[in-house]
Amino acid sequence: MKNSLVITNLYVETKDGKKILSGVSLTVKKGEIHAIMGPNGGGKSTLAQALMGHPGYLITNGKIELNGTNITPLTPDKKAKLGLFLGFQYPVEVTGVNFGSFLRMAINENKKSGEKKLSPIAFRNELSESAKELKFRDDITKRSLNEGFSGGEKKKAEILQMVLLHPEFAILDEPDSGLDVDALRYIANTIQNINYKFGLLLITHYQRLLHYIKPDFVHILVKGKIVKSGSAKLAEEVEKSGYEKYASNL
Amino acid sequence: MQKIVVKENEHLIYPVVWTGEESELSFDIKLSEPGATITFLALLLGKDEQTLDLFTRVEHASQNTKSEVIVKSVLKDFASVNFEGLVKIDHGAKGTNAYLSAHILLLSKTSRGRAIPSLEILENDIKAGHATTVGRVNDLELFYLMSRGISERDAKMLIINGFLHSIIDKFPQREQDSARKKLLVYGTN
């Protein structure tokens, strides 16, 4: 299917055989925001990471299609080039790799063949615009990738990367965890100001973020399965009554 | 065996780049007079079946002397490096500051690295430390870089460059350029 990310009956386990996801199906169309909520250990982060191709997880059944292409067996770089983005819950520190040059390299890698590469000056301009919106205190592009970044800077740097890479589908794994109210507002604004149609899969524990970014659909993931899907109202219900009633039905 | 003597208040930066020519290198460094300082830097790039035995001995023979020995190595194919670093602090060498570090990054399953630091300290009023690691490219770092559209090969090159960045930066300017060229040749072959 064009303009969609389709996950069909996905089963995922860890390399040492622990089953985490047991048959997750989900379709995200461009222009839609889907929120995935659920208790700790329900499989939310595993879903996010397995979709991108985390080396610690094995997809044992099911498939992932992006704009009609089966991307299940592809390496993470190929998935990224086809338009998938993962904002990490815990961004990885890479010693000695300069954030700015890494970012420019990544942007150029994601350009379609024939498209013009970004010059250092054009890159600076694009970067400073988005960085302003996220209100970074320092110029993080001069520093090593995520190294020595504060918790908030790491999260904002993920959003910065997303904005500059123009993905067609983005998965954000708890972009709100560890953020203060102001930082939360900056990232929410930045996401809302993205001026083209893309699909967003938002993984979150709390409703807090959903006050700023209104989802079209909310899914509850418990014990590796989506047990309920609904509108934004479902998130409010969960906030009042918790996840327990969904867990006991399994 | 190469003998290096550092004199009063002299600050010597001594860079070494190994790209497989020698199978054995050893350095005998003596900080013979007060205030003598050495920064010994060894950048080791191994491939194919190249092997190296590297030995360094630093003797602090006088007061307020300072030594920093930094070894950084990347090894691919069947390459192997065996490093032994000795720091000796003589009796009376008060105010000595000695640090030795060796970090080896293995890029293949068949490469081997070993780093053994030893300290021989005969004086109390000193500072001395060491750190050694032998490890492989971190899967998560690779995953993170690749998730941004960077190929596995380029991501590894970024990680290698990042790993070696801190030692090359300590080289004198002219040697920096030549070291970077050697790294480029190493990376693309």
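Two strands count as paired if DSSP finds at least two bridges between them. Helices (H or I, at least four residues) and strands (E, at least two) are DSSP runs, numbered from the N terminus. This is a predicted model, where local features need pLDDT of at least 70 and side-chain atom pairs count only at pLDDT 80 or more, while totals for chains, interfaces and linings use all residues. Residues are numbered from 1 along each chain as its sequence is written, and chains are lettered from A and ligands numbered from 1 in the order in which they are written.

Start by selecting residues 33-37 of chain A: this is strand E3, joined by four bridges to strand E8 (residues 199-203) of chain A, and the two run parallel. Look for Ile33(A) opposite Leu200(A), and Ile36(A) opposite Ile203(A).

Is E3(A) buried or exposed? A residue is buried if 20 or more other C-beta atoms lie within 10 Å of its own, exposed if 12 or fewer, and partly exposed in between, with C-beta atoms placed from the backbone. Five of the five residues of E3(A) are buried, so the strand is largely enclosed by the rest of the structure. Ile33(A), Ala35(A) and Met37(A) cover one side, with His34(A) and Ile36(A) on the other.

Finally, zoom out to the open sheet of six strands in chain A, ordered E6-E7-E8-E3-E9-E10 with mixed pairing. Its edge strands are E6 (84-87) and E10 (225-230) of chain A, each pairing on one side only.
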